[in-house]
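Subject: Structure handover

Hi,

Here is the structure I promised to send over. My notes on it follow below.

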2 protein chains.
Amino acid sequence: MRAISIGQLAKAAGVGVETVRFYERKGLLDAPPRKESGYRQYDADAVERLKFIRRAQLVGFTLKEIQDLLALRDDPDARRADVRERAAAKVADIDAKVRDLLAMRASLTTLLATCEGDGPASDCPIITAFRDEGRNEHTERSCEHGEGED
Amino acid sequence: MRAISIGQLAKAAGVGVETVRFYERKGLLDAPPRKESGYRQYDADAVERLKFIRRAQLVGFTLKEIQDLLALRDDPDARRADVRERAAAKVADIDAKVRDLLAMRASLTTLLATCEGDGPASDCPIITAFRDEGRNEHTERSCEHGEGED
DNA sequence: TTACACCCCGTACCTCGGTACGGAGTCAAG
DNA sequence: CTTGACTCCGTACCGAGGTACGGGGTGTAA
């Protein structure tokens, strides 16, 4: 099953055919080889790449940033200082995102735990693991409805 | 120093004045009280809310989703089943994002670790590290979000 | 060979999340 | 009082990230 069509690729990655062509135009996907007819021929690797793009989008990276990430991943000479620097910067970006997500998660699980009245569901290890490296204070609200901006 | 102007609010949260008004129109920020002159008067709480919106955006939530998150946070009766359900669903969303981010992070740090010195770039396992993270649908909503060995 | 789904390309169009006017009133300093 | 920064509101416009034609060619199974 080497060489799949654009339709099969799109389906495998859960996107539309038009989107695949759009990504190609934007440079996120390389132009694949073509059949005599002009039909694009993809391999399984393209599926992974496409899935990666979608996941990266879900966590807030722009297509431009995703291009950078893919470039890092594909760079044939990863020892170059600038590549390492960009990779390190991306790691920092990711850490910031994870911190923010975990802060949000903590708020929500606190909400759930408190309002379920059912015991400490907030002993989730990942929360405690990351919690105290967070620098930003966060408005943790409980069930008490002391709300209302006024 | 209660009651800050829209300009001070915007500056405090690192956004533009127009953006604040835009969020108000969209329902992400409540319409604040006004002075006689019609000038909006915000309090410190609004700063937090605005910062939260920005952080949520950075990790890929849409304004609509952020509205939901804020609604959960502000809900005066968090014991209602549907509220808890939506909160749990958001936690699941967050977990999925965190998983994806940690997978990306792992790939990048592997790149950094491996390619730091003087090994040939072709040995860099980042390419293989990316390639098969089994993409399961995210249906779980508990604290166990086994990152797995990836 | 005819039918029907799939692919080609280009262009137009759409939503989301803002940004930028522009003409008016407000407020604090000088 | 004047000046300049800030605010009001409405409307127009913008870039990102797609989505939808439309008119053609292709591939395959009955």
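Helix 1 (residues 6-13) of chain B packs on helix 2 of chain B at an angle of about 100°, and their axes are 8 Å apart. Keep in mind that this is a predicted model. Angles from 65 to 115 degrees count as roughly perpendicular, so helix 1 of chain B and helix 2 of chain B fall into that class. On the helix 1 side of chain B, the residues in contact are Ile6(B), Gly7(B), Leu9(B) and Ala10(B). They meet Val17(B), Val20(B) and Arg21(B) of helix 2 of chain B. By class, this contact has 5 nonpolar, 1 polar and 1 charged residues.

Now the DNA side. Helix 2 of chain B also gives the most to the surface near DNA strand C, with 4 residues. Helix 1 (6-13) of chain A and helix 3 (44-58) of chain B each supply at least two residues there as well.

There are 19 residues around DNA strand C. Ser5(A), Arg40(A), Tyr39(B), Arg54(B) and Gln57(B) come nearest. By class, the surface has 6 nonpolar, 7 polar and 6 charged residues.

- Thr19(B): a polar side-chain atom is 2.8 Å from a phosphate oxygen.
- Leu63(B): a backbone N or O atom is 3.0 Å from a phosphate oxygen.
- Tyr39(A): a side-chain N or O atom is 3.3 Å from a base oxygen.

Best regards

Notes. Residues are numbered from 1 along each chain as its sequence is written. Chains are lettered from A and ligands numbered from 1 in the order in which they are written. This is a predicted model: local features need pLDDT of at least 70, side-chain atom pairs count only at pLDDT 80 or more; totals for chains, interfaces and linings use all residues. Side-chain values use heavy atoms; hydrogens and water are left out. A residue is near a molecule or strand if one of its heavy atoms lies within 4 Å of it. A polar contact is a pair of N or O atoms within 3.5 Å; within protein, one must be able to donate a hydrogen and the other to accept it, and residues adjacent in sequence count only if both atoms are side-chain atoms. Ala, Val, Leu, Ile, Met, Phe, Trp, Tyr, Cys and Pro count as nonpolar, Asp, Glu, Lys and Arg as charged, and the others, Gly among them, as polar. Axes are lines fitted to C-alpha atoms, for helices over the stretch in contact, and angles run from 0 to 180 degrees between N-to-C directions. Angles under 35 degrees count as roughly parallel, over 145 as roughly antiparallel, 65 to 115 as roughly perpendicular and the rest as oblique. Contact means heavy atoms within 4.5 Å.
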